[in-house]
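Try each task before reading its solution.

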Amino acid sequence: MGQIEKFPQPHPRAPRAMDADAQKLVVIGNGMAAGRLLEEFFARNSTPTNVTLFGAEPRVNYNRIMLSPVLSGEKKFDDIIIHDDAWYAAQNIDLRRGEAVVAIDRAKKCVETASGESVAYDRLVIATGSMPFIIPVPGANLPGVVSFRDLDDVQKMHEACAKGGHAVVIGGGLLGLEAAAGLALKGMKVSVVHLMPHLMERQLDSSAGYLLKNAIAARGIEVFTEANTDAILGETHVTGVRLKDGRVLPADLVVMAVGIRPNATLAKAAGLETNRGVIVDDFMRTSDENIFAVGECVEHRGQTFGLVAPLYDMAKILAAELAGEKPAGFTPAATSTKLKVTGIDLFSVGDFSDDDVNNEVVLRDPARGIYKRVILRDEKVVGAVLYGDTNDGAWYFDLLKKGENVSAIRDTLIFGQAYQGGSTLDPTAAVAALPDDAEICGCNGVNKGAIVSAIQSGLTTLDEVRAATKASASCGQCAGKVELLLAATLGEAFKGASRKHMCKCTDLTHEEVRGFIRDKQLKSLPAVMQELGWKSSGGCPSCQPALNYYLVAQWPGEYRDDYQARFINERVHANIQKDGTYSVVPRMWGGMTTPDELRAIADVADRFAIPAVKVTGGQRIDLLGVKKQDLPAVWASLNAAGMVSGFAYAKGLRTVKTCVGKEWCRFGTQDSTGLGIKLEKLMCGSWTPAKVKLAVSGCPRNCAEATVKDIGVICVDSGFDIHVSGAAGLHVRATDLLGHVDKEEEALEYCAAILQAYREEGAYLDRLFKWVDKFGLERLRKLIFEDHAARKALYERFLISQRAARKDPWAERVAGKDMHEFMPLSVLGAKTAKVAAE
Amino acid sequence: MEEKFWFDVGPVSAVPLRGARTVRTPSREIAVFRTASNEIFALENRCPHKGGPLSEGIVHGRKVACPLHNWIINLEDGEATGADHGCAKKFPTKIERGHIYIDMGVLAPA
Ligand code: SRM
Ligand SMILES: Cc1cc2nc3c(=O)[nH]c(=O)nc-3n(C[C@H](O)[C@H](O)[C@H](O)COP(=O)(O)OP(=O)(O)OC[C@H]3O[C@@H](n4cnc5c(N)ncnc54)[C@H](O)[C@@H]3O)c2cc1C
Ligand code: SF4
Ligand code: FES
């Protein structure tokens with residue numbers, strides 16, 4: 001595939017005219033840093049110098065950055081040459097292409113080449129760049145596995161593209177994505193395997209990562225995040241990539257783009273001071289005063305480099321130093337990132353870590369796929385992430401570099417440089433001042449005039465305006481603006497307070513967010529936040545767990561629970577106590593227990609010296625004061641006796657209280673204990689908006705207190721009365737009778753359907769009675785007792801979601817899940833700690 | 001002199017993103033946090049309010065919410081934020097070759 005390289009192999013070298021008195025400068029490596037160094041050097045050169053330049057690659061200096069467009073075919077090698085042969089001739093540089101240096105002899109002050117020649121230097125520059133990191137998995141050295149570093153790699157990829165087939169790119173960073181996009185343009189079927197939860201996590205936050213993933217997917221590239229490579233498969237050539245979870249991706253080509261390592265081998269062998277890279281001072285001098293290093297091979301004050309901007313700064317300083325000037329020392333500046341994939345606009349610079357709403361300004365335009373975030377600290381810009389519209393990247397970068405105080409422009413900062421100087425109006429006045437043809441809802445193209453005239457025709461609520469005009473019906477982001485228009489148009493008559501925004505990150509209500517998650521098929525936190533125009537980058541402690549629940553409830557089995565967004569109790573499946581110990585409450589189905597279970601509980605209490613054992617108000621036993629590290633062993637013992645987690649910590653099903661019922665009681669009408677056990681077995685493990693408690697009483701004397709439970713069943717001669725909306729906590733509230741069924745199977749189905757309706761519609765943290773108050777008792781009655789098809793469908797959906805949910809979390813952890821939760825990261829022994837404490 | 005106070009406490013990857021792990025020493029427990037953007041911080045694992053285990057809190061941004069009564073503690077300096085006052089002891093950290101090092105020198109007399 002020689003056509004992309006126009007240079008023939010080097011001619012046998014003609015001896016050059018050497019100035020005998022001149023300084024001898026030898027440079028190892030002809031990459032981007034060396035190229036810039038020589039340019040800078042000859043631009044200022046004073047003393048006559050003979051330069052010998054060794055490049056392991058058999059070609060002249062080229063712009064490595066532009067290998068991506070060469071790969072994709074958008075550019076040819078000719079287009080990216082920096083210095084052609086004529087340039088070297090003009091500077092009288094002795095370029096040795098295709099000749100690698102194999103050793104540095106510091107005593108003799110010369111370098112040795114692969115062909116055995118030795119060349120003397122007065123001063124030596126090491127510019128050997130870096131080496132691609134190859135993850136040490138089986139099969140990593142099979143033919144068909146390539147890295148992406150130089151033109152040879154590009155040629156190998158082009159050869160593979162000519163044959164077609166599947167390519168797997170390992171690594172979803174800058175380099176990996178440019179490789180993937182290029183290969184896709186060349187007709188390969190491409191997959192990207194990335195270890196982290198979102199692409200380019202070192203340069204982008206999760207919101208931008210979400211948009212990027214969509215854009216990459218739109219190019220026909222399949223993206224696997226949180227995917228760990230286990231092995232590369234194949235006998236004589238790669239055939240596939242196996243992931244740790246067992247999935248196998250077919251592959252005719254594998255590109256490893258997981259990172260780079262400074263190439264410090266020569267320096268190290270020569271006894272120079274090295275760590276990750278060749279250690280240099282502020283003037284690029286190594287531990288040997290005649291030897292310098294520049295580019296990606298260096299380590300400067302603990303830092304290594306992977307982008308050209310700082311390398312160019314180094315080159316300039318070193319050139320000045322070599323020319324005998326006294327330059328100011330090197331200080332690495334912030335660097336910005338762009339992705340060179342046609343049609344994808346992203347920009348990031350600086351620190352983008354803090355997702356605290358007070359330290360950031362966020363602007364999202366879901367309809368146009370735009371996300372902008374500027375991160376502030378002490379009123380200064382410290383970082384920016386822009387996706388979709390990067391025009392202001394340079395401006396933010398400039399504000400960052402200058403460290404300007406931006407408090408005066410904070411409110412308009414996010415709109416970009418063009419907006420600066422305009423005055424900030426109060427929001428109602430700003431909306432009122434808009435012309436009639438100003439677009440309010442970008443998704444549905446509804447302008448202000450249309451909305452105002454709809455309001456003037458008699459509409460008074462956001463819902464009505466949405467139904468009539470479609471404004472805010474698609475992503476909901478303009479809901480706030482529509483409300484402002486209602487306020488401006490109706491004045492006093494507008495009762496805006498009836499709408500409660502979910503949190504300060506959005507103007508939408510819980511119910512609206514749930515609706516959008518369902519209708520727009522949003523399946524991850526970043527998807528919800530971007531498509532619904534969240535005002536923060538990562539949500540806040542109040543919306544994170546709520547959204548997590550909505551996604552769990554909406555996409556059972558598909559959505560992966562965001563474990564870290566859960567409160568400690570739900571994370572470790574036990575309740576934290578005031579001294580940092582935990583309580584453990586096993587299920588006692590319907591309040592029934594056996595001598596064996598009681599013995600097992602007693603044994604566990606003894607064995608782990610559990611200080612307190614208590615009967616709870618929910619008909620079961622609480623073991624209090626368990627140490628965290630003992631939890632797995634405590635659970636294992638309880639599991640062994642047939643007991644499982646009672647979910648005493650969960651926003652989910654807690655207890656089903658029962659009375660003895662017909663089996664024993666002289667008044668009992670039905671088997672209330674049996675029904676309670678069946679209900680508990682049916683519903684256990686289910687996540688709900690808030691905790692859920694049930695009870696079944698055998699007769700209207702109601703010894704199980706069913707009339708203060710979320711769902712209560714009272715058995716009567718003719719069957720079962722089903723009650724809802726009781727509570728006995730912060731609010732005490734007796735239940736309402738919803739209806740009557742004759743048979744036990746019906747009681748189970750109806751109760752589960754009620755629970756599912758609550759799961760699907762309830763706002764996070766609303767107990768069941770609060771939801772019914774909003775939903776309407778009559779409406780619920782019709783849904784459950786009259787619309788038989790709807791009830792059956794609810795019941796079906798409940799069963800489906802229970803398939804994913806009904807696992808014993810204790811058994812899972814005893815088997816090893818989340819084991820890190822229960823073990824310290826490390827224990828520093830008395831000896832080591834003594835050193836530290838003294 | 002300086003060097004001996006840095007202790008390797010384990011790989012970065014062993015701490016969950018937006019999570020924490022603990023390091024036990026004979027005299028105290030240290031919570032090692034990892035933020036969404038892969039930064040590492042270490043604080044004594046005692047909330048300045050009533051001693052709650054900060055390692056069990058929800059990590060958001062560079063802050064952690066104490067699991068007991070929801071005080072919000074700044075990971076950078078251990079200070080309580082907002083209206084609350086108090087400070088959890090901070091330990092300097094560094095990452096080398098994927099491992100977390102904690103500087104116990106802060107406990108040494110000056
Ligand atoms: C253990 C227990 C007290 C006892 O010793 O009996 C208990 C203990 C706690 N209750 Fe309770 N409640 C217990 C029965 C009740 C009951 C009675 C019942 O279930 O029949 C109620 C009133 C009924 C109701 O919920 O409507 C009750 C109403 C509450 C409330 C108020 C809920 C509300 O919506 O108003 C809270 C606060 C909350 O959940 O936010 C609460 C919260 C708590 C917490 C979780 C407080 C906390 O966050 O740490 C306690 C944890 C204890 C632990 O470590 O296990 N507990 N709690 C009972 C455990 C029952 C079980 O077996 O699971
Ligand atoms: C595909 C791709 C896209 C990139 N995109 C960007 C981007 O958009 N923006 C950005 O800022 N950066 C980008 N980079 C990174 C950028 O190219 C590097 O930072 C830069 O090339 C490093 O320059 P260097 O001179 O230190 O090393 P290199 O350019 O790698 O040069 C080192 C040279 O030394 C030679 N060498 C090594 N050992 C010896 C030896 N013993 N004897 C003789 N020669 C030797 C090597 O063969 C190599 O030619 C990209 C990199 C790649 C691969
Ligand atoms: S009533 Fe419940 S929350 Fe209050 S102290 Fe007792 S157990 Fe704790
Ligand atoms: S102990 Fe941490 S908030 Fe009370």
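**Exercise 1.** In this predicted model, find which side chain places an N or O atom 2.6 Å from an oxygen atom of ligand 2.

*Solution.* 
- Step 1: The side chain of Glu296(A) has an N or O atom 2.5 Å from an oxygen of ligand 2, and a polar backbone atom of Ala33(A) is 2.7 Å from a ligand oxygen.
- Step 2: Turn to the cover. Ligand 2 taken alone exposes 990 Å², and the protein buries 90% of that.
- Step 3: Widen the view to the shell. Ligand 2 is surrounded by 32 residues, with Lys340(A), Glu57(A) and Arg64(A) among the closest.
- Step 4: Sort the shell by class: 15 residues are nonpolar, 10 polar and seven charged. Elements that each supply at least two of the shell residues include helix H1 and strand E2 of chain A.

**Exercise 2.** Describe how chain A meets chain B.

*Solution.* 
- Step 1: Count the residues. On chain A, 42 residues are in contact with 38 of chain B.
- Step 2: Take the area. About 3,300 Å² is buried between the two chains, with 57% from carbon and sulfur atoms.
- Step 3: Look for charged pairs. The rule finds two salt bridges across the interface; Lys628(A) and Glu56(B) form a salt bridge at 2.6 Å, N to O.
- Step 4: Locate the chain A side. Its largest share, six residues, comes from H27(A).

Methods:
Residues are numbered from 1 along each chain as its sequence is written. Chains are lettered from A and ligands numbered from 1 in the order in which they are written. This is a predicted model: local features need pLDDT of at least 70, side-chain atom pairs count only at pLDDT 80 or more; totals for chains, interfaces and linings use all residues. Side-chain values use heavy atoms; hydrogens and water are left out. A residue is near a molecule or strand if one of its heavy atoms lies within 4 Å of it. A polar contact is a pair of N or O atoms within 3.5 Å; within protein, one must be able to donate a hydrogen and the other to accept it, and residues adjacent in sequence count only if both atoms are side-chain atoms. Accessible areas come from the Shrake-Rupley method with a 1.4 Å probe; for residues, only the protein chains shown count as cover. Helices (H or I, at least four residues) and strands (E, at least two) are DSSP runs, numbered from the N terminus. Ala, Val, Leu, Ile, Met, Phe, Trp, Tyr, Cys and Pro count as nonpolar, Asp, Glu, Lys and Arg as charged, and the others, Gly among them, as polar. Contact means heavy atoms within 4.5 Å. Buried area is the accessible area (1.4 Å probe) that two parts lose on being put together, summed over both. A salt bridge is a side-chain nitrogen of Lys or Arg within 4 Å of a carboxyl oxygen of Asp or Glu.
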